[in-house]
Amino acid sequence: MTDINEAFQLLWRKLEIWLKQIVLMLPNLFLAMLVLVLTFIAARLLRRTSDKLLIRFTHSSALNNLVGTTVYVSALTLGIFFTLSILKLDKTVTTLLAGAGIIGLALGFAFQDIAANFISGVIIAFRKPFIVGDVIETNEHFGTIERINLRTVDIRRQTGELVKMPNRKVFEAALTNYSHYGIRRIDLKVGVSYAEDLERVQQVVKGAMVDIRNMISGKEVEVVYEEFGDSSINFLVRYWITYKRQTDFVYAKSDAIIKIKKAFDEHNIEIPYPITTLNFGVKGGKDLSIELKEDLPHHASTMKLKASPDEEAPKEEQTKTAEE
């Protein structure tokens, strides 16, 4: 019975000490609660402000949401740490900071590829090297951008496949944006026969390049000869078109091919087939035809000598017949 009384007395003393501490901490508790409420209010205001400011710089909803959430969580974290320090829980704050640092370091090593793609996505969202709908070529993939996320860029290829390209690869590799300026030049390769008048061909081609879909009329059509081919003289027809999607390029090139072919047919300009010519004109420094002419009498005499024994037999038979 004595032990039980001593235990109750000890417990009562502890409760008294705690009550005294609570009474002493009441001002700090009220202050801490006030700071915590103000922290929530301030965090919401900061998030709304950041959302309004970010709209002026980027229209990426994913990026805006990310930055707003980061600002909100950062403000809450600072407010909670300040609240704990008011309650004289400094050791708890230190422990939490140390634990957060260790956890962050471990996660950084474990998810470094994801972090790299994430950071690359943030930079791409701010720099805006392309937007949704642009036609680009990167990492050996050519197509139209359908979606830009914080981890991947979705590219729809011209044949219909969807490619999810990691942002890190897009950020590090060379990228060609065909839609950036809204115009594009087509270099159409054509060949004509060696027998044609090249200046006349230029005039015919330029005259044929009218009513081409999406062609910019203010820029001159250029016909530039490029090389002596195996069976033709090759030249380039260079002209500019307005460019928004790949079909603009394809149709403009198709129209030019049709019109040039019709113009060549009307003016009897030949587009030669690939021909391989075997030249036997020179042999040992002499023209082959001359050498054949020189050797022809010798071959004829040889053939005559071979034929003469056969010719004498009929003559002898005729003599014998006459004598009889």
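Two strands are taken as paired if DSSP finds at least two bridges between them. Helices (H or I, at least four residues) and strands (E, at least two) are DSSP runs, numbered from the N terminus. The model is predicted: local features need pLDDT of at least 70 and side-chain atom pairs count only at pLDDT 80 or more, while totals for chains, interfaces and linings use all residues. Residues are numbered from 1 along each chain as its sequence is written, and side-chain values use heavy atoms, with hydrogens and water left out.

The protein chain holds 8 helices and 10 strands. Of its 324 residues, 26% count as buried; buried means under 20% relative accessible area, exposed over 50%, and partly exposed in between (1.4 Å probe, protein chains only). Contact means heavy atoms within 4.5 Å. Among contacts between residues at least 6 apart in sequence, 62% join residues at least 24 apart.

Strand 3 (residues 152-157) pairs with strand 4 in the antiparallel sense over 5 bridges, and Asp154 stands opposite Lys164 in strand 4. The two strands form a hairpin with 4 residues between them. In the turn, Gly160 has a positive phi of about 105°.

An open sheet is formed by 3 strands in the order 6-8-7, with antiparallel pairing. Strand 6 and strand 7 (222-228) are at the edges with a single partner strand each, so one side of each has no neighbour in the sheet. Neighbouring strands are turned by 25° against each other on average, direction ignored. Axes are lines fitted to C-alpha atoms, for helices over the stretch in contact, and angles run from 0 to 180 degrees between N-to-C directions. Strand 6 and strand 8 (residues 233-242) pair over 10 bridges, and Ile186 is opposite Tyr239 in strand 8. Helix 6 (residues 198-208) packs on the sheet, where it touches strand 6, strand 7 and strand 8, and its direction makes about 140° with that of strand 7. Helix 7 (residues 246-266) lies across strand 6 and strand 8 and runs at about 30° to strand 6.

A nonpolar core is a set of buried Ala, Val, Leu, Ile, Met, Phe, Trp, Tyr and Cys residues joined through side-chain atoms within 4.5 Å. The largest has 27 residues, and those with the most contacts inside it are Val205, Met209, Phe235, Val237, Tyr239 and Phe264. Strand 6, helix 6, strand 8 and helix 7 are the elements that give two or more residues to this core, and helix 7 gives the most, with 6 residues. Not counting residues up to four places away in sequence, Met209 touches Met215, Val221, Val237, Tyr239, Ala256 and Ile260. Another core, of 9 residues, lies apart from the largest one and has Ile145, Val153, Met165 and Val170 among its members.

Rings of Phe, Tyr and Trp (its six-membered ring) pair if their centres lie within 6.5 Å; planes under 30 degrees apart count as stacked, over 60 as edge-to-face and the rest as tilted. The whole structure contains 3 aromatic pairs. In one of them, the ring centres of Phe142 and Tyr178 are 5.3 Å apart and the planes stand at 80°, so the pair is edge-to-face.
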